[in-house]
Amino acid sequence: MKINNDTIIKDDNRLIKSRSADVPLPLSKEDEMTLKALLQYVKDSTVAEIAEKENLRPAVGIAAIQIGIPKKMIAVVIKDGDGEIVYEYALINPKIISNSVEEAYLGAGEGCLSVEGEHEGYVYRSRRIKVRAFDYLQNKEVIIKASDYLAIVLQHEIDHFSGILFYERIDKKNPFVQKKDAFRID
């Protein structure tokens, strides 16, 4: 299975609003291939030569519903400024089990592979979360304590399971409203 910008479902397709189902473990061969393809997309998407050659938009995460598969699987790869991988997950059935009251947001706003139009504004999310999931890469159930950027990325991808797109969380009347105690991530 090869994923590129043409195979990713966009927000004008009703399927992107579908609810995702839990994935039985152990993974079927089909689900394993899907998860590996999601992970490969995210890893390759930030390598300029590969991205240009294979028609990939840069990403730090992707959910299975974005390729038309309504199952609770996501891949997340976050690199540092030198291109070294800091976080890498291929998660099955991730679920937020706790979250902070303190909020955070990305100063540049959020983006999404399934959203091509401009949707400016701040998306406020919990600054710290705990996620329970089965991590394919570690082959075990894990609890991920995430904060700041990683927490935002995980919440964004998990939102896809409920058919929620990031711009639905932007204040329509005042998209750049500054919440007093929210932490800005630049």
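Let's start with Tyr105: this residue is buried, with a relative accessible area of 3%. The model is a predicted one, and Tyr105 is a handy entry point, as ring pairs link Tyr105, Tyr122, Tyr124 and Phe176 into a cluster.

**Aromatic rings**

- The count of aromatic pairs comes to five.
- One of them joins Tyr105 and Tyr122, a tilted pair with 4.6 Å from centre to centre and 50 degrees between the planes.
- Because Tyr105 lies in strand S4 and Tyr122 in the loop between S4 and S5, this pair ties together parts that are 17 residues apart in sequence.
- Tyr122 has a relative accessibility of 8%, so this residue counts as buried, the cut-off being under 20%.
- Tyr105 also pairs with Tyr124: the ring centres are 4.9 Å apart and the planes stand at 50 degrees, so this pair is tilted.
- Tyr124 is in the loop between S4 and S5 while Tyr105 is in strand S4, so the contact ties together parts that are 19 residues apart in sequence.
- Both Tyr105 and Tyr124 are buried.

**A charge over a ring**

- Arg127 places its charged end over the ring of Phe183, 3.5 Å from the ring centre.

**The open sheet**

- Three strands make up an open sheet with mixed pairing, in the order S5-S4-S8.
- Strands S5 (125-126) and S8 (183-185) stand at the edges with a single partner strand each, so one side of each has no neighbour in the sheet.
- S4 (residues 103-106) pairs with S5 in the antiparallel sense over two bridges.
- Within that pairing, Ala104 has Arg125 of S5 as its bridge partner.

- Eight bridges hold the antiparallel pairing of strand S6 (residues 128-135) with strand S7 (residues 140-147).
- Lys140 in S7 is the bridge partner of Asp135.
- Four residues lie between S6 and S7 in this hairpin, and Asn139 in the turn has a positive phi of about 55 degrees.

**Helix H3**

- At 1.5 Å a residue, the 12 residues of H3 (residues 148-159) should span 16 Å, and the end C-alpha atoms are 17 Å apart, which agrees.
- H3 is largely enclosed by the rest of the structure, because 10 of its 12 residues are buried.
- Among the buried residues of H3 are Leu150, Ile152, Val153 and Leu154, and also the residues His156, Glu157 and Asp159.

Terms used: Residues numbered from 1 in each chain as written. Predicted model: local features only at pLDDT ≥ 70, side-chain atom pairs only at ≥ 80, totals over all residues. Heavy atoms only, no water. Pairing = 2+ DSSP bridges. Expected span 1.5 Å × (residues − 1). Buried < 20%, exposed > 50% of the residue type's maximum accessible area, 1.4 Å probe, protein only. Phe/Tyr/Trp six-rings, centres within 6.5 Å; stacked < 30°, edge-to-face > 60°. Lys NZ or Arg CZ within 6 Å of the ring centre and 35° of its normal.
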